[in-house]
Amino acid sequence: MAEVKEEREIEIPTMLPILPVRDMVIFPYMILPLFVGREMSIKAVDHAVTGNRLVMLVTQRDVDVEAPSSEDLYNIGTVGTILRVLKLPDGRLKLIIQGLTKARVVRYTQKEPYYIGEVEKVVDEKLSELPVEVEALMRTIKEQIDKSITLGKPLVPDIMFLIENIDEPGRFADLVASNLPLKAEQAQGIIEITDPVIRLKKLNEILNREVELLLVQQKIQSDAKGEIDKTQREYYLREQLKAIQKELGEIDERTEEIQELKKKIEGANMPEKVEKEVMKQAKRLEKMHPDSAEAGTIRTYIDWLVELPWAKSTQDNLDLKIAKKVLDEDHYDLERVKERILEYLSVRKLKEKMKGPIMCFVGPPGVGKTSLGKSIARALGREFFRMSLGGMRDEAEIRGHRRTYVGALPGRIIQGIKTSGKNNPVFMLDEVDKIGMDFRGDPASALLEVLDPEQNFAFVDHYLTVPFDLSNAMFITTANLIDPISSPLRDRMEIITLSGYTSEEKLGIAKNFLIPKQLNEHGITDKNIKINDSAVLNIITHYTREAGVRNLEREIANLCRKIARKVAEGKDKTYHISAKNVSKYLGVPKFLPEEEMEKDEVGVATGLAWTEAGGDIIYIEATIMKGKGSITLTGHLGDVMKESAHAALSYIRSKAKQLKINSDIFSKNDIHIHVPAGAIPKDGPSAGITIATAIASAFTGRSVNKGIAMTGEITLRGRVLPIGGLKEKILAAKRMGIRKVIIPKLNKKDLEDIPKYIKKDMEFIAAGAMEEVLKSTLKNSRRTKGSRCS
């Protein structure tokens with residue numbers, strides 16, 4: 001890069017070809033080589049060379065833009081003349097460019113195939129005389145440049161000679177700026193300043209900072225050199241000591257082993273405090289006899305610390321589309337969980353350092369809690385480690401054993417981190433609701449530190465005795481029930497409930513996942529067996545009773561085995577499985593749904609119940625007979641249901657006048673309440689309004705509408721209290737063809753979470769009081785001869 005020594009008044013044409021320049025700003029009076037490779041730029045050069053050889057040089061705002069628009073270019077640049085053009089073998093042009101004068105692009109008159117624009121000359125503000133301040137600034141800048149060169153700044157060797165002979169401030173500033181390693185944005189900012197004094201001040205600030213940086217750099221280099229000299233001296237002395245020991249025959253495998261161990265410690269990237277502790281133990285080991293018991297313990301301890309991934313982590317896959325695709329490939333529906341993972345990834349994309357979430361998937365067996373954890377790890381691109389907590393009773397399983405015990409090891413948390421080889425795996429803790437407790441401690445309490453983001457950044461295992469950062473790991477726990485989990489532990493986790501699948505969801509899972517998987521595992525293809533939707537729904541309804549899909553998968557596997565045998569025996573054809581012939585392969589149905597009532601009856605109300613296998617309907621029967629006012633409850637009822645029955649009876653007795661019931665009937669008759677299927681235990685706080693309806697029907701003789709199912713608890717004042725498991729209960733009603741369901745008024749908001757295809761063609765009555773329930777369910781006809789309540 002050189003500088004033109006002559007200064008003359010330069011006239012430029014109003015229309016010039018425009019050449020975009022990347023990552024540099026060309027100043028007036030500069031001579032420099034420029035490589036041109038873009039087609040539009042080559043055409044602009046050809047235009048200039050065939051004419052007056054002048055071209056307008058402007059800098060791109062973004063160097064990565066291959067085809068810049070006019071908005072991508074700065075307006076102010078330099079008019080240059082092309083002194084020489086050389087065509088290179090790869091098709092590019094090498095130009096020798098001389099900057100002439102600053103100019104501004106007024107407008108672009110042509111944009112294809114190259115830019116031509118109207119330009120006007122930019123003239124610096126003139127100084128009538130050289131003020132003292134300007135002269136001082138120029139002198140200061142010269143001193144700063146001289147100091148920079150002294151401190152080792154690589155600048156053009158003859159720059160001091162050039163600037164000594166320039167008195168004009170604008171030209172002086174341009175020359176200095178063109179020789180400094182400025183970023184394109186900084187250089188553009190300087191070239192756009194038309195006031196020479198302001199330009200000089202800006203350069204002075206830049207040079208001041210550069211000199212400060214060079215001084216600090218020199219100090220760092222000086223300190224480093226001193227440290228290197230010390231290290232080299234120590235290395236030289238150690239090598240001499242080794243040579244002497246070797247000559248004397250004193251060096252052995254033990255010394256080499258210790259040295260190798262120290263190298264591993266230095267290469268493990270441990271935190272400073274941890275490395276200090278490990279080096280201390282290594283020095284102790286060096287002084288011990290290799291056959292001593294303690295030497296073996298210390299060696300194992302050091303090996304554990306060295307092999308832990310202190311600084312090894314997996315790069316998260318932050319592509320939300322790919323993550324969503326992975327989650328959708330592995331699991332059907334479960335939109336709430338997928339959305340939560342994508343939310344985490346979104347935040348992680350915006351904020352690099354963040355604590356891993358601690359989620360707890362709660363749901364019945366077989367709904368995909370554990371497999372969901374694997375999918376999350378695959379979507380994030382992280383390692384996956386699973387650990388079962390079921391039946392765990394020893395606190396040391398979590399925190400590890402102290403090294404004083406024989407055979408001591410770190411806890412399973414640290415073991416999992418080591419096994420995964422990374423410090424940010426997806427760590428799944430299965431069956432967190434089945435942790436035990438005995439005289440050896442409480443593992444659930446030990447988990448409090450592991451699952452607390454405010455504490456687990458410095459988790460101390462009893463074996464390691466040094467802190468390890470668990471905050472990068474994503475912990476996911478699973479449970480079938482939330483109640484057995486202790487309150488402090490529950491408070492540390494984000495509870496995500498996975499309810500049972502509907503028949504439609506199970507059908508989708510079977511078609512997309514289970515059937516292809518079983519066909520592959522049994523060595524057959526869809527050319528051998530075709531299972532239609534009606535067959536799958538028949539299996540779901542009559543051969544399984546579960547919230548998840550494990551038994552459904554077993555039954556599909558059973559089908560595949562039957563077909564695989566036929567194919568193996570040479571009966572190779574396509575077997576079509578439908579609802580009509582599925583029993584031929586799977587035998588008689590294992591479960592039969594509750595029969596629908598044929599007509600409206602007195603004393604029989606249809607209730608809705610939640611079970612671990614999903615929702616179900618129950619018929620609650622009430623009958624009265626001559627007696628002394630006692631109540632009999634049968635059907636293997638739990639304490640809660642028994643209390644609901646007593647509360648329902650008390651409510652009906654208190655409302656006898658409104659219901660037009662003779663008050664003497666209660667003291668002269670006994671009432672028997674029965675819930676069929678007596679061998680199955682039943683309990684829960686959601687049968688109150690159903691029992692009350694059955695009792696009211698029995699005493700009034702008015703039949704109950706068989707087309708209405710209900711769920712809700714009752715108080716002595718007749719208020720209807722909210723319940724859980726609404727989705728499963730509504731599904732049970734829909735399966736039985738019941739289209740009208742009474743729910744507690746406070747549960748109306750929960751209807752928003754139920755899919756539209758489930759709510760389609762159904763009517764919901766939100767009742768806040770028992771009077772509303774009776775008004776909707778009891779018919780006006782009184783009891784007739786031969787009725788249930790005689």
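A: The answer below begins with the pair of helices and then turns to the chain and to some details of its backbone.

The model is predicted, so local features need pLDDT of at least 70 and side-chain atom pairs count only at pLDDT 80 or more, while totals for chains, interfaces and linings use all residues. Residues are numbered from 1 along each chain as its sequence is written, and side-chain values use heavy atoms, with hydrogens and water left out.

Two packed helices are described by the angle between their axes and the distance between the axes. Here helix 17 (residues 503-521) packs against helix 18 (residues 533-542) at an angle of about 115°, and the axes lie 10 Å apart. Axes are lines fitted to C-alpha atoms, for helices over the stretch in contact, and angles run from 0 to 180 degrees between N-to-C directions. Helices (H or I, at least four residues) and strands (E, at least two) are DSSP runs, numbered from the N terminus.

Which residues make the contact? Helix 17 contributes Ser503, Lys506, Leu507, Ala510, Lys511 and Ile515, and helix 18 contributes Asp533, Val536, Leu537 and Ile540. Contact means heavy atoms within 4.5 Å. By class, this contact has 6 nonpolar, 1 polar and 3 charged residues; Ala, Val, Leu, Ile, Met, Phe, Trp, Tyr, Cys and Pro count as nonpolar, Asp, Glu, Lys and Arg as charged, and the others, Gly among them, as polar.

The protein chain as a whole has 26 helices and 25 strands. Its radius of gyration is 42 Å, well over the 28 Å that the globule rule gives for 790 residues, so the chain is more spread out than a compact globule. That radius is taken over C-alpha atoms, and the rule is 2.2 Å times the number of residues to the power 0.38. Along its principal axes, the C-alpha trace spans about 130 × 90 × 70 Å. Of the 790 residues, 47% count as buried, that is, under 20% relative accessible area, with exposed over 50% and partly exposed in between (1.4 Å probe, protein chains only).

Some backbone details remain. Most residues other than glycine have a negative phi, and most peptide bonds are trans. Glu112 and Pro113, however, are joined by a cis peptide bond with omega of about -5°, and Pro113 is found in the loop between strand 6 (93-110) and strand 7 (116-121). Asn269 has a positive phi, near 55°; this residue is in the loop between helix 7 (253-266) and helix 8 (272-287), and it counts as exposed because its relative accessibility is 53%.
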